Amino acid sequence: MIISKKDIPGFLDKLISEYQVFAPVQEGSFTLFKPISSGTDVDLTAANTKLPAKEIFFPQSEKLFSYNVTEEGAKVEETLDEQKKVIFGVRPCDARSLVLLDNVFDNDKFQDPYYLTKRANTIMIGIGCNTPLSTCFCTSVNGSPFDTKGLDLLLVDTGDAYVVEVISDKGKALAEQASLAAAADADKIAAAKVKEAATVTCQVNIDGLKDKLDVNFYWPIWDKIHEKCLGCGACTYLCPTCHCFDIVDDAKDCNGCRVRNWDSCAFPIFTLHGSGHNPRTSNKERYRQRIMHKFKYFVDNFNEIACVGCGRCINNCPVNLDIRVVLEDVRGSEARLDS
Amino acid sequence: MKNPYLPLPMKLVKNFTETEDKLIHTFTLQFLSEEDEKSFPYMPGQFAELCVFGKGEAPFGMASSPTEPGFLKFSIAKVGVVSTALHLMEEGNMVGVRGPLGNYYPVDELKGKNVVIIGGGFAFTTLRSLATYMLQPEHRGDYGDITVIYGARNPGLLLYKEELAAWDQNPNINLVTTIDSAVDGWNGRVGFIPSVTEEVAPSSENTYAIVCGPPVMIKFTIPVLEKLGFPANRIIMSLENRMKCGIGMCGRCNVGGKYVCKDGPVFTRAQLNELPGEY
């Protein structure tokens with residue numbers, strides 16, 4: 001199927017009447033996913049949004065329930081967002097990150113109704129990356145610029161139009177409802193050419209990385225590798241696969257609500273016990289945790305690397321700590337510094 | 001989909017000052033209905049997120065045993081925002097409880113075995129739950145000899161003093177209590193847990209050791225147990241790490257790839273030997 005670029009606003013306007021539609025929107029110097037009220041709000045020119053689409057499903061701050069406490073008991077009212085949503089213009093790396101996060105929020109024992117309800121009620125329309133950035137390394141971590149994982153429809157930019165690939169039944173139903181025209185053979189060929197031409201120039205060699213992480217927890221590499229890190233947590237807040245959170249109460253007298261907020265393994269208080277003991281005493285342990293979690297623990301638990309190669313942590317680190325370099329150093333690490 | 005974040009309202013019926021230093025209180029919470037109680041089927045070693053509405057929630061192991069119906073008991077030190085608020089609560093107030101969470105002591109695997117329970121300080125809470133469970137007449141026959149080695153800095157810091165006195169007279173359990181240094185009027189042992197364990201622990205043959213206590217006690221007790229011939233898969237420990245969600249999602253209590261909240265808190269020494277020491 002195909003949709004002309006000039007028809008996009010109209011297509012979105014129709015969706016807006018039925019769904020809450022999120023799309024990349026220009027906000028100051030950033031592009032961010034926002035709910036849009038008009039099809040003309042969308043801006044697909046940026047390589048990617050400042051924050052990943054993760055925040056639509058797992059907001060930075062989210063109310064879990066409200067309560068009212070009396071002498072007889074406590075009335076607890078959960079606040080689930082059941083609104084039907086469409087995410088338009090999500091990049092393949094960010095769409096794939098949600099497939100990874102599904103493992104966490106739907107684990108072997110518990111289901112997170114807040115995240116999963118939003119996931120179930122959302123249609124994902126992705127847009128492939130014709131010109132990946134120099135900091136993109138999706139192909140090194142099992143992704144690609146036109147990866148379809150986590151998507152219902154994928155748009156391929158062929159110049160004046162988007163060739164629409166149907167990925168799922170949900171996507172098919174939406175495309176049919178929008179009466180998208182069939183793509184001509186020439187359009188299909190143009191799309192195939194665009195996909196072939198899109199190259200991710202940056203390659204990170206992760207061969208043998210997991211084998212090293214399986215054994216190098218106590219090796220001296222970790223004494224060095226974190227030294228530049230300020231522990232600011234920016235990488236964790238911008239990462240599409242980071243999922244750590246805190247739970248706090250916001251209340252006045254007997255009425256209030258419980259809220260969860262993003263948290264970060266980069267912060268000392270994150271693991272601080274009530275006794276004062278802290279299992280991760282310094283930045284060394286905290287930085288090691290970040291790398292271990294993404295490239296070893298997540299692999300052990302879910303058979304997937306918890307990194308989609310979006311490059312946000314590289315672009316936004318205040319001290320230019322580059323995860324690609326870190327991974328290379330870890331891969332080359334030795335049990336002893338002098339060996 | 002069951003929402004694992006929603007607390008069950010419970011009534012605080014007793015706020016009891018457990019230790020002489022007044023820093024540990026034992027809270028008895030009553031279920032508001034039979035239905036509520038049925039929704040909370042737990043086993044010794046499990047924990048719950050206990051909340052003071054308006055202050056927040058924190059994880060605590062259940063000190064009561066499932067063989068004691070109608071209520072839950074928690075023994076809690078006053079250290080942070082939630083525990084301080086709890087200490088100040090009046091009987092009759094409402095609190096919230098979310099759980100039961102985590103795994104539990106392997107009460108089935110322990111059947112037909114001797115059990116030595118080793119506890120230090122106020123980490124005795126879930127061990128009390130386990131001992132109470134095993135001592136229950138319908139369960140007692142399932143287990144061999146039960147030995148409890150329990151130490152505190154001084155007699156005033158021992159939890160559950162009345163119960164300890166009763167166990168002392170009970171032929172179904174061999175209780176050894178110890179304090180760090182001698183005081184007048186103390187008839188029990190004097191000495192640290194590791195040395196007392198070395199002296200009084202039963203033979204490691206067909207025996208499981210369940211250990212819970214402060215890190216320094218664990219550090220010196222494990223080598224003693226190993227010396228006594230306990231294999232790593234028969235040394236069982238309960239870990240504690242800072243937690244929030246209790247359901248393996250919020251990401252802070254992991255030890256290696258395992259979450260203390262979801263995959264623990266009960267681990268064997270053999271399992272922990274495979275993990276980094278981040279606890």
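Student: Hi! How many helices and strands does chain A have?

Tutor: Chain A has 12 helices and 11 strands. Keep in mind that we are looking at a predicted model.

Student: What share of chain A counts as buried?

Tutor: Of its 339 residues, 42% count as buried.

Student: How is chain A divided into domains?

Tutor: Domain 1 of chain A covers 2-197, and domain 2 of chain A covers 209-331. Their C-alpha centres lie 25 Å apart. Where they touch, domain 1 of chain A gives 33 residues and domain 2 of chain A gives 25 residues.

Student: Which element gives the largest share on the domain 1 side?

Tutor: That would be β4(A), with nine residues.

Student: Switching to chain B, what are its domains?

Tutor: The assignment gives domain 1 (8-101) and domain 2 (114-238) for chain B. The centres of these two domains are separated by 24 Å, taken over C-alpha atoms. Their contact takes 17 residues from domain 1 of chain B and 13 residues from domain 2 of chain B.

Student: And how many residues of each chain are in the contact between A and B?

Tutor: Chain A supplies 40 residues and chain B supplies 35 residues. On the chain B side, β4 (56-61) and β6 (94-101) each supply at least two residues. That side of chain B is made up of 17 nonpolar, 11 polar and seven charged residues.

Student: New topic: which residues touch the most other members in the largest nonpolar core?

Tutor: Ala209(B) and Ile210(B) do, in a core of 170 residues. The largest share of this core, seven residues, comes from helix α3 (residues 92-105) of chain A.

Student: Which residues does Ile210(B) touch, leaving out those up to four places away in sequence?

Tutor: Ile210(B) touches Tyr105(B), Val115(B), Ile117(B), Ile118(B), Leu127(B), Leu130(B) and Ile236(B).

Student: What do nonpolar side chains tend to do in soluble globular proteins?

Tutor: They tend to be buried together.

Note on methods: Residues are numbered from 1 along each chain as its sequence is written. Chains are lettered from A and ligands numbered from 1 in the order in which they are written. This is a predicted model: local features need pLDDT of at least 70, side-chain atom pairs count only at pLDDT 80 or more; totals for chains, interfaces and linings use all residues. Helices (H or I, at least four residues) and strands (E, at least two) are DSSP runs, numbered from the N terminus. A residue is buried if 20 or more other C-beta atoms lie within 10 Å of its own, exposed if 12 or fewer, and partly exposed in between; C-beta atoms are placed from the backbone. Two residues are in contact if their C-beta atoms, placed from the backbone, lie within 7 Å. Ala, Val, Leu, Ile, Met, Phe, Trp, Tyr, Cys and Pro count as nonpolar, Asp, Glu, Lys and Arg as charged, and the others, Gly among them, as polar. A nonpolar core is a set of buried Ala, Val, Leu, Ile, Met, Phe, Trp, Tyr and Cys residues joined through C-beta atoms within 7 Å. Domain bounds come from an automatic or database domain assignment.
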